[in-house]
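This briefing goes through one protein model by topic. Look at the sequence and the structure first, then read the points below.

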Amino acid sequence: MGSHKPLLLPWLREQLDSGQFPGVYWTNREQEEFCIPWKHGLRHDSSPHDTLIFKAWAEVSGLFRKGVTQPDPSVWKRNFRCALKSKGVIPLADHSNDSANPHRLFRLPSEREKDSQKKVESSSSSLSQEASQQSPTDSQDPLLSTCTLPGTICLSLSVSLLVYLCFCLCFLSVSLSLCLCSFSVCLCVSVSSIFFPLSLCF
């Protein structure tokens with residue numbers, strides 16, 4: 001085994017061409033469609049031969065080292081599936097529940113599809129870098145950020161609002177005082193109108 005991790009797609013082509021793994025073969029060489037055995041580990045008829053391709057990729061990718069890492073076929077399969085997805089391998093059909101021959105069919109990506117995948121990955125990487133470079137104030141609520149950025153404007157607005165509230169309170173207090181004064185005058189006039197005739201009578 002080499003000291004570096006091989007590229008998945010060239011490595012996978014080599015395994016498909018060699019035919020050394022049972023059930024791993026081309027179904028359409030021109031279209032680069034292939035078959036991978038995909039038997040569930042909980043089946044009563046499962047055996048180590050069902051996970052040989054997954055184990056081989058785990059070894060060359062450094063995930064599994066014999067005598068050092070605990071063997072785990074379910075982790076090997078998950079790692080292999082994630083590697084296929086990350087390289088843009090297209091799933092065609094899932095026959096993993098087939099009782100006689102559980103397998104999955106895939107197709108290797110074309111050059112155009114690989115270029116599209118690279119563009120998507122590059123775009124995602126750029127967006128992630130831009131998001132990580134944003135300042136804390138940029139990631140805050142837009143309503144809060146619009147108030148925290150122009151501090152002098154917000155301060156002047158706050159002062160204006162406070163002055164306006166004070167003016168409203170003063171206006172209400174003056175209005176209330178005038179109402180009380182008017183009520184007092186009316187009450188005095190009413191009382192005088194009642195008692196004045198009575199005083200004349202006596």
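R13, D17, R29 and E32 are linked in a network of salt bridges. The model is a predicted one, and a search of the whole of it finds seven salt bridges.

**Salt bridges**

- D45 takes part in a salt bridge with R43, with an N to O distance of 3.0 Å.
- D45 also forms a salt bridge with K39, where the closest N and O atoms are 3.7 Å apart.
- Is K39 buried or exposed? K39 has 16% relative accessibility, and because buried means under 20%, K39 counts as buried.
- D45, the partner of K39, has a relative accessible area of 33% and is partly exposed.
- A further salt bridge joins the side chains of D94 and R104, at 3.3 Å from N to O.
- This pair links distant parts of the chain, since D94 is in strand β3 (residues 90-95) and R104 is in strand β4 (residues 103-107), 10 residues apart.
- D94 counts as partly exposed, at 48% relative accessibility.

**Strands and their pairing**

- Strand β1 (residues 25-28) pairs with β2 in the antiparallel sense, over three bridges.
- Within this pairing, W26 has F34 in β2 as its bridge partner.
- β1 and β2 form a hairpin, and four residues lie between the two strands.
- E32 is in the turn of the hairpin and has a positive phi of about 55°; E32 also belongs to the salt-bridge network with R13, D17 and R29.
- β2 also runs antiparallel to β4, and five bridges join them.
- In β4, the residue opposite C35 is L105.
- Why is β2 described as largely enclosed by the rest of the structure? Four of the five residues of β2 (residues 33-37) are buried, so the strand is largely enclosed.

**A buried tryptophan**

- W38 is located in the loop between β2 and α2 (52-60).
- With a relative accessible area of 2%, W38 is buried.
- Which residues does W38 contact, leaving aside its neighbours within four places in sequence? They are F54, K77, F80, R81, S96, P102, H103, R104 and F106.
- One of these contacts, R104, is also the salt-bridge partner of D94.
- From C-alpha to C-alpha, W38 and T51 are 8.1 Å apart in space, and they are 13 residues apart in sequence.

**A nonpolar surface patch**

- Four residues, F167, L169, F171 and L172, form a nonpolar patch on the surface.
- Together these residues have about 490 Å² of accessible area.
- L169 lies in helix α6, which covers residues 151-201.
- L169 has 58% relative accessibility, and because exposed means over 50%, L169 counts as exposed.

**Cysteines**

- A disulfide is a covalent bond between the sulfur atoms of two cysteines.
- How many disulfides are counted here? The count comes to zero, where a disulfide needs a pair of cysteine sulfur atoms within 2.5 Å.
- C35 counts as buried, at 2% relative accessibility.
- C82 is partly exposed, with a relative accessible area of 45%.

How values were computed:
Residues numbered from 1 in each chain as written. Predicted model: local features only at pLDDT ≥ 70, side-chain atom pairs only at ≥ 80, totals over all residues. Heavy atoms only, no water. Buried < 20%, exposed > 50% of the residue type's maximum accessible area, 1.4 Å probe, protein only. Pairing = 2+ DSSP bridges. Patch = residues over 30% accessible without salt bridge, like charges linked within 9 Å, V, L, I, M, F, W, Y side chains within 5 Å. Areas by Shrake-Rupley, 256 points an atom, 1.4 Å probe, with all protein chains shown as cover. Contact = heavy atoms within 4.5 Å.
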